[in-house]
Amino acid sequence: MFMPKRVIFEKDAFLYKRGIELYEYFQNKDVEIIKLNSNRVQGIPGEDLAEKYTEGKRTLVIGVRKTLKFQTCKPSAHYQLPLVTGCMGQCEYCYLNTQLGDKPYIRAYVNIDEILQQAEKYIKERRNDITIFEGAATSDPLPVEPYTRGLAQTIKFFAEQPNGRFRFVTKFTNVEDFIEVEHKGHTSVRFSLNTDKVIKSYEHFTPSAGKRIEAASKVIEKGYPTGFLIAPVFMEGDWKNEYKSLLMMLRDKISHIPNKDISFEIISHRYTINAKNRILEIFPETSLPMKEGDRSFKYGQFGYGKYVYNKEQISEMKEFFEKVISTYFLGSKILYII
Ligand code: SF4
């Protein structure tokens, strides 16, 4: 269970029952508690960028989501559902490294009722069409679930929405915190998987592949539509055997479960120069493969360019995953391999 080093309470968090309960809860824990007189987060130490990063990742802010205008979330969903921002994991390649400033603290919202009321308005605006919300666009929401119970409340809410669907992705394993909730198939859970070699090298403070697969099997058994996001795929060294072993471990764990609704998304490693510079500042010893000479340059949809594996490598990767998945996961869907 994620135990922060410090918990910061924004002033307005005390306007909500959950904010007060969490303040009382943390009084008996071995954590620094900071009570703010405003909603401006302060009190996180750090001299250089690496220290600010580490201290930020160990800080939980209990706050109130003021902006109830949700960001769009194309192409996978219509809107982001903001329950949490940030993540306690320290994955070297994480997209959040360039999004959350120098002190990437985790901010969990206590006004979940208001956030869900807003979601209901968006669902009604689209009338008879299905509206999909993504709960992990700027976070991994699972590590703070024992404190906020935000996912459980959200899953319950969506179970009662004929035209609303909820999805989120996680690398974490405390699924007991939500799986008993009635979901009616309206929430899908995706697990981000990688080989243990990649996890040990780059995904610091996250659970092993075996533990993620164990958690996923519990979620599938409860009838949730479940996805596996294998990302980022590194085509380095003995990569085919390593990813095949990962998929075999998954197959062995879930093959006995009947009527599974499972899908796969596969994303090869890519990086921007901006991200690379940031990674080198925070993790100066990183061994992430980021040599521009080994990659092709591609313009992304948001105007900036990224370095990707070349066409032949991507074709080889597609062929590999299509073959292994179609052989060992009959009836599953591959949503994309990029
Ligand atoms: Fe980023 Fe996901 Fe790793 Fe958290 S677990 S640091 S959100 S990649």
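Me: Why is Tyr25 called partly exposed?

Reply: Because its relative accessible area is 32%, and partly exposed covers what lies between buried (under 20% relative accessible area) and exposed (over 50%), using a 1.4 Å probe and protein chains only. Tyr25 sits in helix H1, where a helix is a DSSP run of H or I with at least four residues, a strand is a run of E with at least two, and both are numbered from the N terminus. Bear in mind that this is a predicted model: local features need pLDDT of at least 70, side-chain atom pairs count only at pLDDT 80 or more, and totals for chains, interfaces and linings use all residues. Residues are numbered from 1 along each chain as its sequence is written, and side-chain values use heavy atoms, with hydrogens and water left out.

Me: What is Tyr25 in contact with, leaving aside its neighbours within four places in sequence?

Reply: Met1 and Tyr147, contact being heavy atoms within 4.5 Å.

Me: What makes Glu21 and Lys17 a salt bridge?

Reply: The closest N and O atoms of Glu21 and Lys17 are 3.4 Å apart. The rule asks for a side-chain nitrogen of Lys or Arg within 4 Å of a carboxyl oxygen of Asp or Glu, so this pair qualifies. Both residues lie in helix H1 (residues 17-27), 4 residues apart, about one turn of the helix. Glu21 is partly exposed at 40%, while Lys17 is exposed at 64%.

Me: How many salt bridges does that rule give?

Reply: The count comes to 22.

Me: What does the salt bridge between Lys222 and Glu180 tie together?

Reply: Their closest N and O atoms are 3.3 Å apart. Lys222 lies in the loop between helix H7 and strand E12, and Glu180 in the loop between strands E9 and E10, so the pair ties together parts that are 42 residues apart in sequence. Lys222 is partly exposed, with 37% relative accessibility; Glu180 reaches 61% and is exposed.

Me: Where do Lys333 and Asp261 lie?

Reply: Lys333 is in strand E17 and Asp261 in the loop between helix H8 and strand E13, 72 residues apart, so to speak a link between distant parts of the chain. Their side chains meet in a salt bridge at 3.3 Å, N to O.

Me: Why is H3 called roughly parallel to H5?

Reply: The axes of H3 (residues 112-125) and H5 (residues 150-159) come within 11 Å and cross at roughly 30°. That makes H3 roughly parallel to H5, because angles under 35 degrees count as roughly parallel, over 145 as roughly antiparallel, 65 to 115 as roughly perpendicular and the rest as oblique. Axes here are lines fitted to C-alpha atoms, for helices over the stretch in contact, with angles from 0 to 180 degrees between N-to-C directions. Among the residues making the contact are Leu116 and Ile123 of H3, and Phe157 and Phe158 of H5.

Me: Which kind of peptide bond, cis or trans, runs from Lys74 to Pro75?

Reply: A cis one, with omega near 5°. Pro75 is in the loop between strands E3 and E4.
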